[in-house]
Amino acid sequence: MHVKFKPHADRLRSIAPGLLIAAFVALAAQFLSEHYGVPAMLMALLLGMTVTFLSESGRCVEGVNFSARSLLRLGVALLGVRISFGALIELGPAMILLVVLAVVCTTLFGFFGARLMGRGWRFGVLTGGSVAICGASAAMALAAVLPRDERSELDLTFTVLGVTLLSTLTMILYPVLATWLNFDDVSAGLFLGGTIHDVAQVVGAGYSVSEVAGDTATLVKLIRVAMLAPVVITLVALLRFRTNGSPGGRAGARLVPTFLAGFAAIAGLNSAGLLPQAVVLLISDISRWLLLIAIAAVGIKTSARTVLEVGPQAMILLMAETLFIAAWVVVGLHLL
């Protein structure tokens, strides 16, 4: 038995230092979030970037890489517990179609916008998908299947940083905008849930208007979160087709990545009512912590100096995608 488990024990010892460092950064970020109201994801990223030297050499490298890769996938898989298809159906087919098209068109807007700016299609899909679906969580899921290049870690760090800042800004501004547009509570909820990037900011903005707006915004946001699986599967299929199914690289990966199959399975179990509420809350908390540790590790792997090299075009693209999905939802609500 000792021989059988020795490889696992050796593996655990090799990743433990880096994993503990990433977890410590995540704990510090959560503490700051709870006491000062700043987004935990943003703080985990920024705090991680202050100890970049730990990812360059030494005992922490393997654990940091494990946290940024494997914990990320597990955290995304557990996100499926937030989905309840029965609740989503209550919104009606017209609203569901509006939100689904918003996700698809915003992602395509990012794809073509990035190419026009000379940023490359990978960056466009990463930013467009994160704005369209669920912010930092979507960015990490997309980064897990996009083909890697020398800018992959940098692009992910910038996208998480930018989309979190914009999500916080829209959480403050959009409730005011909804009042200015004379939206009632339901319409305000539809607008906020269809446009703000991260789930936490959607909840904060929605319930700052009213309980009805908060409930509606959360339901609409769940449609966008549910789009994570089809968008990633479609992306993997397109990458395989593009490379003629070659076995090398991420484009040659299985059509449904394991973490995404887990996402769909957990969403199905929750939608069927097979998961007790206590289990749902526990899995949701575990998912949040895993993603927080993963983004802390991504921050540890990225220096602040390199993030500044991304340039103003990248931020302009993120802002344009944010304005695009807002305009899409506002026009759609008026037409409906």
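Trainee: Is A226 buried or exposed, and what is its relative accessible area?

Mentor: Keep in mind that this is a predicted model. A226 is found in helix α11, residues 211-226. Buried means under 20% relative accessible area. A226 falls under that cut-off, so it counts as buried, with a relative accessible area of 17%.

Trainee: How far apart in space are A226 and I133?

Mentor: In sequence, A226 and I133 are 93 residues apart. In space, C-alpha to C-alpha, the distance between A226 and I133 is 8.3 Å.

Trainee: Does the length of helix α3 agree or disagree with its number of residues, and how far apart are its end C-alpha atoms?

Mentor: Helix α3 covers residues 61-78, which is 18 residues. At 1.5 Å a residue, the helix should span 26 Å. The span agrees, because the end C-alpha atoms of α3 are 25 Å apart.

Trainee: Where is the kink in α3 centred?

Mentor: The kink in α3 is about 30°.

Trainee: Which backbone oxygen does the side chain of S67 reach?

Mentor: S67 has 0% relative accessibility, so it counts as buried. G63 is also among the buried residues of α3, as are V64 and F66. The side chain of S67 comes to 2.9 Å from a backbone oxygen, that of G63.

Trainee: How far in space is L12 from G63?

Mentor: L12 lies in helix α1, residues 2-36. With 51% relative accessibility, L12 counts as exposed, whereas G63 is buried. L12 and G63 are 51 residues apart in sequence. C-alpha to C-alpha, L12 and G63 are separated by 8.9 Å.

Trainee: What accessible area do V104, L108 and F112 have together?

Mentor: F112 is found in helix α5, residues 93-116. V104, L108 and F112 form a nonpolar patch on the surface. Together their accessible area is about 270 Å².

Trainee: What is phi of N182 near, and is the value positive or negative?

Mentor: N182 sits in the loop between α8 and α9. Its relative accessible area is 68%, so N182 is exposed. Most residues other than glycine have a negative phi. N182 is not glycine, yet its phi is positive, near 60°.

Trainee: Which residue has its backbone oxygen 2.6 Å from a polar atom of the side chain of T195?

Mentor: T195 is found in helix α9, residues 185-195. It counts as buried, because its relative accessibility is 0%. A polar atom of the T195 side chain lies 2.6 Å from the backbone oxygen of F191.

Trainee: Last one. How far apart in space are V199 and K221?

Mentor: V199 is found in helix α10, residues 199-209. At 21% relative accessibility, V199 is not under the 20% cut-off for buried, so it counts as partly exposed. V199 and K221 are 22 residues apart in sequence. The C-alpha to C-alpha distance between V199 and K221 is 6.8 Å.

Conventions. Residues numbered from 1 in each chain as written. Predicted model: local features only at pLDDT ≥ 70, side-chain atom pairs only at ≥ 80, totals over all residues. Heavy atoms only, no water. Helix = DSSP H or I, 4+ residues; strand = E, 2+ residues; numbered from the N terminus. Expected span 1.5 Å × (residues − 1). Bend = angle between axes of the 7 residues up to and from the residue. Buried < 20%, exposed > 50% of the residue type's maximum accessible area, 1.4 Å probe, protein only. Patch = residues over 30% accessible without salt bridge, like charges linked within 9 Å, V, L, I, M, F, W, Y side chains within 5 Å. Areas by Shrake-Rupley, 256 points an atom, 1.4 Å probe, with all protein chains shown as cover. Salt bridge = Lys/Arg side-chain N within 4 Å of Asp/Glu carboxyl O. Polar contact = N/O pair within 3.5 Å; in protein donor to acceptor, adjacent residues only side chain to side chain.
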